[in-house]
Amino acid sequence: MIDTEYMVSQVLPLAEELRATIPSCSMLLLCDPAKRGMLPPRRWAGGLNFVLKDASDAVLADSIRRLAAGERVVSPMLQAASLNTDRGLSTRELEVLGLAAEGESVREIAGRLYLSGGTVRNYLSAVITKTGARNRLDAIRIARKGGWLR
């Protein structure tokens with residue numbers, strides 16, 4: 001059982017190492033969905049299992065029993081939250097959006113990141129599509145609300 005303040009992405013290397021060392025080991029990560037980066041990744045099918053950080057003793061005991069029986073455990077609330085918030089934005093898309101949120105123009109972003117203006121526009125367009133935003137400002141608002149940008 002892993003109870004941590006680290007984001008899930010920071011725990012994944014530890015999980016991979018533990019899985020390589022002890023293949024039969026099941027890992028249960030206690031998650032706080034209110035904290036940024038604490039939702040289970042949708043595409044990672046490794047040995048991590050996810051339960052709410054404030055789960056009752058009965059839920060924790062049941063989860064451990066299920067893990068011992070070979071089941072995968074993901075809290076339905078965490079699973080739903082992950083589906084609703086994981087938009088699959090790349091690090092570069094977030095970087096471009098972050099600079100746009102700071103008021104940088106396409107030309108300024110391109111200069112800072114050593115990209116062409118067209119590439120910056122493509123990244124911004126992809127972010128708008130992935131977040132379901134109406135425009136760049138709406139994408140920034142959505143990203144801030146989701147905790148992806150400060």
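## Contacts and the model

Two residues are in contact when heavy atoms of theirs lie within 4.5 Å. That idea runs through this report. The structure is a predicted model.

## The overall chain

The protein chain has seven helices and three strands. Read from the N terminus, the order of its elements is β-α-β-β-α-α-α-α-α-α.

The chain holds 150 residues, and 35% of them count as buried. Now take the contacts between residues at least 6 apart in sequence. Of these, 54% join residues at least 24 apart.

In soluble globular proteins, nonpolar side chains tend to be buried together. Here, the largest nonpolar core has 18 residues. Val96, Leu97, Ile109, Val120 and Leu124 have the most contacts inside this core.

Look at Ile109 in the largest core. Leave aside residues up to four places away in sequence. Ile109 then touches Val96, Leu99, Ala100, Glu104 and Val120.

## Where H5 meets H6

How do the axes of H5 and H6 cross? They come within 8 Å of each other, at an angle of roughly 105°. Angles of 65 to 115 degrees count as roughly perpendicular, so H5 and H6 are roughly perpendicular to each other.

H5 brings Val106, Ile109 and Ala110 to the meeting. H6 brings Gly117, Val120, Arg121 and Leu124. By class, this contact has five nonpolar residues, one polar residue and one charged residue.

## Tyr114, in the loop

Tyr114 lies in the loop between H5 and H6. Is Tyr114 buried or exposed? Its relative accessibility is 75%. Exposed means over 50%, so Tyr114 counts as exposed. The backbone of Tyr114 deserves a look too. Its phi is near 60°, a positive value in a residue other than glycine.

## Helix H7 and its ends

Start at the N-terminal end of H7, which is capped by Asn135. A side-chain oxygen of Asn135 lies 3.1 Å from the backbone nitrogen of Leu137.

Which residues of H7 are buried? They are Asp138, Ala139, Ile140, Ile142 and Ala143. The buried residues of H7 pack against H4 and H6.

Asp138 lies in helix H7. Its relative accessible area is 5%. Buried means under 20%, so Asp138 is buried. What does the side chain of Asp138 make a polar contact with? Its partner is the side chain of Arg141, at 2.5 Å.

Ile142 lies in helix H7 as well. Its relative accessible area is 18%. The cut-off for buried is under 20%, so Ile142 is buried. Again leave aside residues up to four places away in sequence. Ile142 then touches Thr131, Ala133 and Trp148. Ile142 and Ile128 are 14 residues apart in sequence. In space, the two are 9.6 Å apart, C-alpha to C-alpha.

Methods. Residues numbered from 1 in each chain as written. Predicted model: local features only at pLDDT ≥ 70, side-chain atom pairs only at ≥ 80, totals over all residues. Heavy atoms only, no water. Core = buried A, V, L, I, M, F, W, Y, C linked by side-chain atoms within 4.5 Å. Buried < 20%, exposed > 50% of the residue type's maximum accessible area, 1.4 Å probe, protein only. Axes fitted to C-alpha atoms, helices over the stretch in contact; angles between N-to-C directions. Helix = DSSP H or I, 4+ residues; strand = E, 2+ residues; numbered from the N terminus. Parallel < 35°, antiparallel > 145°, perpendicular 65-115°, else oblique. Nonpolar A, V, L, I, M, F, W, Y, C, P; charged D, E, K, R; others polar. Polar contact = N/O pair within 3.5 Å; in protein donor to acceptor, adjacent residues only side chain to side chain.
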